[in-house]
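Thanks for coming, everyone. I've got one protein to walk you through today, so let me put it up on the screen.

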Amino acid sequence: MSYSLGHYSFGGAGSSLQGGGGYSYTAGDDAYTAQQPYDDEADRTDVLKLVLYDLNSAIAPRDVRLMAIHAALEEFDHDDEALHDEELELRADHILLQKLTYAMCVDPRGVEVGLICSALEAVYRAGRTRLGRSFHEICDALLPLFVGMVRAPPGAMPGTGPGDRYDEAPVLHPPGGREGEAGQHGGGGPEEHR
């Protein structure tokens, strides 16, 4: 089975993914070919919907997930703000967050996490208004993932092991963020801000 959509085609076993940069990916029975630029905006939107559908659907095996992530990364890696706005309108950020959450559960330090973060960075080259709306929609789930990525695992550095005083990050509140805390935003250690 194979079909073509503008400059994007889907083929059966033995095919490969070829991006505009000339590289290829092959995994399982699914394969893709993408070539830019597109004839019109409708072609690009159709391709984007297909790429996002495949990204959202790719769960197992790992090589199919990686192929879908690479295809998405190829599609998102440009500097056209309006196209990034369109990607966010089609919920690329939500799909990438879902993939990032899964990848963090499977292998938090794996290459898949890095690829998904690269795709998320590319999508976030959107306009400020659309970017702000996206961040507002998913920040409650996204920020803890990012903090988890940069935080050293317990016991990795002196003073960060279980039971240490600084094992948990302090809770800091902006001035006036809570009743009675206006002006209490500095000077003391973590215990003062809990």
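I'll go from the overall layout to the core, then to the charged residues, and finish with some backbone details.

First, the housekeeping. This is a predicted model, so local features need pLDDT of at least 70 and side-chain atom pairs count only at pLDDT 80 or more, while totals for chains, interfaces and linings use all residues. Residues are numbered from 1 along each chain as its sequence is written, and side-chain values use heavy atoms, with hydrogens and water left out.

Okay, layout. We've got 6 helices and 5 strands, where helices (H or I, at least four residues) and strands (E, at least two) are DSSP runs numbered from the N terminus. Reading from the N terminus, the order is β-β-β-β-β-α-α-α-α-α-α. Of the 194 residues, 37% are buried. By buried I mean under 20% relative accessible area, with exposed being over 50% and partly exposed in between, using a 1.4 Å probe and protein chains only. The accessible surface is about 11,200 Å², and 54% of that belongs to carbon and sulfur atoms; that's Shrake-Rupley with a 1.4 Å probe. As for contacts, meaning heavy atoms within 4.5 Å, take the ones between residues at least 6 apart in sequence: 58% of them join residues at least 24 apart.

So what does the largest nonpolar core look like? It has 33 residues, and the ones with the most contacts inside it are Leu55, Phe76, Leu96, Leu100 and Leu142. A core here is a set of buried Ala, Val, Leu, Ile, Met, Phe, Trp, Tyr and Cys residues joined through side-chain atoms within 4.5 Å. At least two residues of this core come from each of H1 (41–57), H2 (62–76), H4 (92–106), H5 (111–123) and H6 (128–150).

From first C-alpha to last, H2 reaches 21 Å, close to the 21 Å expected at 1.5 Å a residue; the expected span is 1.5 Å times one less than the number of residues.

Quick word on cysteines. The structure holds 0 disulfides, taking a disulfide as a pair of cysteine sulfur atoms within 2.5 Å. Cys105 is exposed, at 65% relative accessible area, while Cys139 is buried, at 15%.

Now the charges. How many salt bridges does the structure hold? There are 10, counting a side-chain nitrogen of Lys or Arg within 4 Å of a carboxyl oxygen of Asp or Glu. One of them pairs Arg44 with Glu75, with the closest N and O atoms 3.1 Å apart. That one links distant parts of the chain, from Arg44 in H1 to Glu75 in H2, 31 residues apart.

On accessibility, Arg125 is partly exposed at 26%, Asp79 is exposed at 71% and Glu121 is partly exposed at 43%. Elsewhere, salt bridges that share partners join Arg44, Glu75, Glu86 and Glu87 into one network.

One more arginine: Arg130, in H6. Arg130 is buried, with a relative accessible area of 8%. Not counting residues up to four places away in sequence, Arg130 touches Asp85, Leu88, Glu89 and Glu137.

Last up, backbone. The peptide bond from Ala60 to Pro61 is cis, with omega near 0°, and Pro61 is in the loop between H1 and H2. Arg91 has phi near 70°, a positive value in a residue other than glycine. Arg91 sits in the loop between H3 and H4 and is partly exposed, at 46% relative accessibility.

That's my tour.
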